[in-house]
Amino acid sequence: MAPSSKLVKTSSLPKHQRSLVQPLHSPRHKRVSALCPAAPESLLQELVTAAAACDAHHQPRAKRASDETLAVHAGENLGKKGADVVGTGTGTETDSIATPIVSGTTHWFKSSEDLIAFKEGRRHSFEYGRYSNPTVKVLEDKISALERAEATLVTSSGMNAITTTLLALVPPGGHVVTTTDCYSEARVFIRDKLSRMGIRSTFIDLDDGMESLSAVLDEDDDDVTLFYADSPTNPTLKCVDIRHAAELCHRKGALVCIDSTMASPINQKPLTLGADLVLHSATKYMAGHHDAIAGCVSGSAALISRIRAWHHDIGGAISPNAAYMVIRGLKTMALRVEAHNSTALRMARILERHPKIERVHYPGLESSPWHEVATSQMSGYGGVVSFELKADLHGTMSFVDALEIPFIATSLGGCESLVQQPAVMSFWGQSQEEKAKNGIKDNMVRFSFGIEKFQDLRDDILQALNRI
């Protein structure tokens, strides 16, 4: 028997009944049948009538799916029989539960009329891999659902997402405001590269709250185009008050773009707090296995369309294989982030009481100056904890070398724990003045907790501390 999704066009049914037009053994139908009387498989109309009867009896309608469910199912209509991408006939028929990897670089059209319909926007399809791809589209839709965004652009890396967004939205003569401790490579790009294009930049310190931002916005002769900031920052884990920043910027007509890589979409949703755009290095928590590089930017359809136009020219398209790896990683992201959050918070509490620790940077601690802001906009605080030892550069190196479980490596958000000493990993060879401007001390350690057992990580850190 043909799947029931082919018997009735879903677009002809009321919205609350469309979910019923699924194969009777699908998970979606099982959820519905738990609320409604069972209907014979051959009588679809009886099934629809039963749904109406459920409404008549005031059965509660399904709430928005949780992040855990969205991470698994959102966007994945590509591989279902009778389904297509955005309901447009471009789907790939298969019985595979996993989203297919569509590796073709170019897509054909049935006729010249078919091509014209595509060019005029009457038919949604795919043309060339640099512009879009069916597998990548699944990933974009999944991220949009998690971020509560109208649209998402997935790129080849987080840095590509940052640079393309800035180039697309800040014209020559424009003005970018960012923070002194935003992502180091983004800071260099804004300071050294955008300046060559006639774009001004101002760097503000988050330590005074939003006063510096407010002052820049209030300057009579100034017209800020975009406020770009990480929240939390890396590695000192300061938090931007996103609601307040959005209120200040929008009064002056400036856009707000938040890099939420250190939080993940599970812990923080900047768009719901008033930001216009949210960026991620999808390499980190999203992919989650240190085996795929990707970036993404989400926001309104209008803004993403502008960024996508620049992306088409610049390049930086993600490969379908990498997109699939991120799709697969997202399915377990909620589970992994829960483990990251728990381990990091428990370890941060132990470290702030340890006699060999000078200071702990983690917004989940009540002692953190960023705790109030973090609790107002985050549901968890992430898997990265930075701390300063009561030691010098070489004593801190000895601690890092004594650790047995984590790898000495850059990056974060994966299954394996990683550790680095920023003064060595990212700022080696730079002056003390330059390091100080970025909040980097020789005795600082950044620890990205993986999903290993908490007790094992705790014991490893404590034994390493005993050696200094």
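Trainee: Leucine 237 is found in the loop between E4 and H10. What is phi of leucine 237 near?

Mentor: This is a predicted model, in which local features need pLDDT of at least 70 and side-chain atom pairs count only at pLDDT 80 or more, while totals for chains, interfaces and linings use all residues. Residues are numbered from 1 along each chain as its sequence is written, and side-chain values use heavy atoms, with hydrogens and water left out. Helices (H or I, at least four residues) and strands (E, at least two) are DSSP runs numbered from the N terminus. Leucine 237 is a residue other than glycine, yet its phi is positive, with a value near 60 degrees.

Trainee: Which residue does a cis peptide bond join to asparagine 234?

Mentor: The loop between strand E4 (226-230) and helix H10 (242-251) is also the place of proline 232, which a cis peptide bond joins to serine 231, with omega about -5 degrees. In the loop between E4 and H10 there is a further proline, and with omega about 10 degrees a cis peptide bond joins asparagine 234 to proline 235.

Trainee: Are H7 and H11 roughly parallel or roughly perpendicular to each other?

Mentor: Helix H7 (residues 158-169) and helix H11 (residues 301-314) have axes 9 Å apart and pack at an angle of about 110 degrees, where axes are lines fitted to C-alpha atoms over the stretch in contact and angles run from 0 to 180 degrees between N-to-C directions. The classes are roughly parallel under 35 degrees, roughly antiparallel over 145, roughly perpendicular from 65 to 115, and oblique for the rest. H7 and H11 are therefore roughly perpendicular.

Trainee: How many nonpolar residues has the contact of H7 with H11?

Mentor: The contact (heavy atoms within 4.5 Å) includes Asn160, Thr164 and Leu167 from H7 and Leu303, Arg306 and Trp310 from H11. Ala, Val, Leu, Ile, Met, Phe, Trp, Tyr, Cys and Pro count as nonpolar, Asp, Glu, Lys and Arg as charged, and the others, Gly among them, as polar. The contact of H7 with H11 has one charged residue and four polar ones, and its nonpolar residues number seven.

Trainee: Which residues in H8 are met by residues of H7?

Mentor: H7 and H8 have axes 10 Å apart and pack at an angle of about 30 degrees, and they are therefore roughly parallel to each other. On the H7 side the residues are Met159, Ile162, Thr163, Leu166 and Leu167, and in H8 these meet Glu185, Ala186, Phe189 and Ile190.

Trainee: What volume has the largest cavity?

Mentor: On a 1 Å grid over the protein atoms alone, a cavity is a set of points where a 1.4 Å probe fits but cannot get out, a pocket is an open set with protein on both sides within 12 Å along at least five of seven lines, and lining residues have an atom within 4 Å of a point. Points are joined across faces, edges and corners, and a volume is the space filled by probe spheres set on them. By this rule there are two cavities of 30 Å³ or more, and the largest cavity has a volume of about 90 Å³.

Trainee: Which element gives the largest share of the lining of the second largest pocket?

Mentor: The second largest pocket holds about 840 Å³ of space, and among the 37 residues that line it, the closest to its centre are Tyr183, Ser184, Glu185, Asn234 and Thr410. H7, helix H8 (184-193) and strand E6 (277-281) each supply at least two lining residues, and the largest share, five residues, comes from H8.
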